[in-house]
Amino acid sequence: MDRAQKTELVAELNQTFAEVGVVVVTRNLGMTVAQSTKLRNAMRDAGATYKVSKNKLAKIALDGTDYLSLGDMLTGPVGLATSIDPVAAAKVAVDFAKTNDKFEIVGGAMGATALDVEGVKALATMPSLDELRAKIVGLIVAPATKLATITQAPAAQIARVLSAYAEKEAA
């Protein structure tokens, strides 16, 4: 890798760190290409990315971002899982670590807040941004639905009473 490629990679990583909501640092000792592909596809499906980079270049890219606390975690063969949604990358990484013994979570960060392994696991149990939005919409719609049901009930009762009187007079 020549100097221009390194500079471009550092700039790309720096931009990524500036845009994302969470970074999960993982260690991948001896993963096969098929396992890496499976992980990358799962990340992509969740709206996250997984990238393996040189630790020295990643440490340089951390300068000027909120993720300076990740510098100590960048030792050995590590990969960086990132996502704009603070839960997506953590959720996929934790799920993948459960099924693959060659993949472990080192830690992570959510902005300036550093996370240990337990913090990443706790983050993974939280509902995603889309799930929270769905819950909010459900909470907003529920009172309107109940209101519509309540306002229709008296009208339906009146209609049944009138129908009963009509049937009584017809008989």
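The model is predicted, so local features are reported only where pLDDT is at least 70 and side-chain atom pairs only at pLDDT 80 or more, while totals for chains, interfaces and linings use all residues. Residues are numbered from 1 along each chain as its sequence is written, and side-chain values use heavy atoms, with hydrogens and water left out. Helices (H or I, at least four residues) and strands (E, at least two) are DSSP runs, numbered from the N terminus.

Start with the sheet. Five strands make up an open sheet in the order E2-E3-E1-E4-E5, with antiparallel pairing; two strands count as paired if DSSP finds at least two bridges between them. Strand E2 (48-52) and E5 are the edge strands, each pairing on one side only. From one strand to the next the twist averages 20°. Axes here are lines fitted to C-alpha atoms, for helices over the stretch in contact, and angles run from 0 to 180 degrees between N-to-C directions. Strands of a sheet pair through backbone hydrogen bonds, either parallel or antiparallel.

The pairings can be followed across the sheet. E2 and E3 are joined antiparallel by five bridges, and Val 52 has Gly 79 in E3 as its bridge partner. Between E3 and E1, which run antiparallel, there are six bridges; here Arg 27 is partnered by Val 78 in E3. E1 and E4 also pair in the antiparallel sense, over six bridges. In this pairing Val 23 stands opposite Ala 109 in E4, and Val 25 has Gly 107 in E4 as its bridge partner. E4 and E5 pair antiparallel over three bridges, with Ala 109 opposite Ala 114 in E5. The hairpin of E4 and E5 has two residues between the strands, and in it Gly 111 takes a positive phi near 70°.

How enclosed is E1 by the rest of the structure? Seven of the seven residues of E1 are buried, so the strand is largely enclosed. Buried means under 20% relative accessible area, exposed over 50%, and partly exposed in between (1.4 Å probe, protein chains only). In a regular strand the side chains alternate between the two faces of the sheet. In E1, Val 22, Val 24, Thr 26 and Asn 28 point one way, Val 23, Val 25 and Arg 27 point the other way, and all are buried.

Helix H2 (residues 33-46) lies across E2, E3 and E4 and runs at about 145° to E2. H5 lies across E1, E4 and E5, at about 80° to E4. Within H5 (residues 117-125), Gly 119, Val 120, Leu 123 and Ala 124 are buried. They cover an arc of only 140° around the axis, which puts them on the same side of H5; the arc is that of the directions from the helix axis to the C-beta atoms. An α-helix has 3.6 residues a turn, so residues three or four places apart point the same way. Glu 118 and Thr 125, on the other side of H5, are exposed. The buried residues of H5 pack against strand E1 (22-28), helix H4 (88-99), strand E4 (103-110) and strand E5 (113-115), where contact means heavy atoms within 4.5 Å.

Helix H3 has a buried face of its own. Asn 55, Leu 57, Ala 58, Ala 61 and Leu 62 are its buried residues. Seen down the axis of H3, they fall within an arc of 160°, so they line one face of the helix. H1 and E3 are among the elements that cover them. After H3 comes Gly 64, whose phi is positive, near 85°.

Strand E3 also contains Ser 83. Ser 83 is buried, with a relative accessible area of 2%. A polar atom of the Ser 83 side chain lies 2.5 Å from the backbone oxygen of Asp 85. Leaving aside neighbours within four places in sequence, the contacts of Ser 83 include Val 22, Ala 48 and Ala 88.

Three aromatic pairs are found in a search of the whole structure. Rings of Phe, Tyr and Trp (its six-membered ring) pair if their centres lie within 6.5 Å; planes under 30 degrees apart count as stacked, over 60 as edge-to-face and the rest as tilted. Phe 17 and Tyr 67 form a tilted pair, 6.1 Å centre to centre with 45° between the planes. This pair links distant parts of the chain, 50 residues apart: Phe 17 is in helix H1 (residues 3-19), and Tyr 67 is in the loop between helix H3 (55-62) and strand E3 (78-83). Both Phe 17 and Tyr 67 are buried. Tyr 50, Phe 96 and Phe 103 form one aromatic cluster.

Definitions and conventions:
A polar contact is a pair of N or O atoms within 3.5 Å; within protein, one must be able to donate a hydrogen and the other to accept it, and residues adjacent in sequence count only if both atoms are side-chain atoms.
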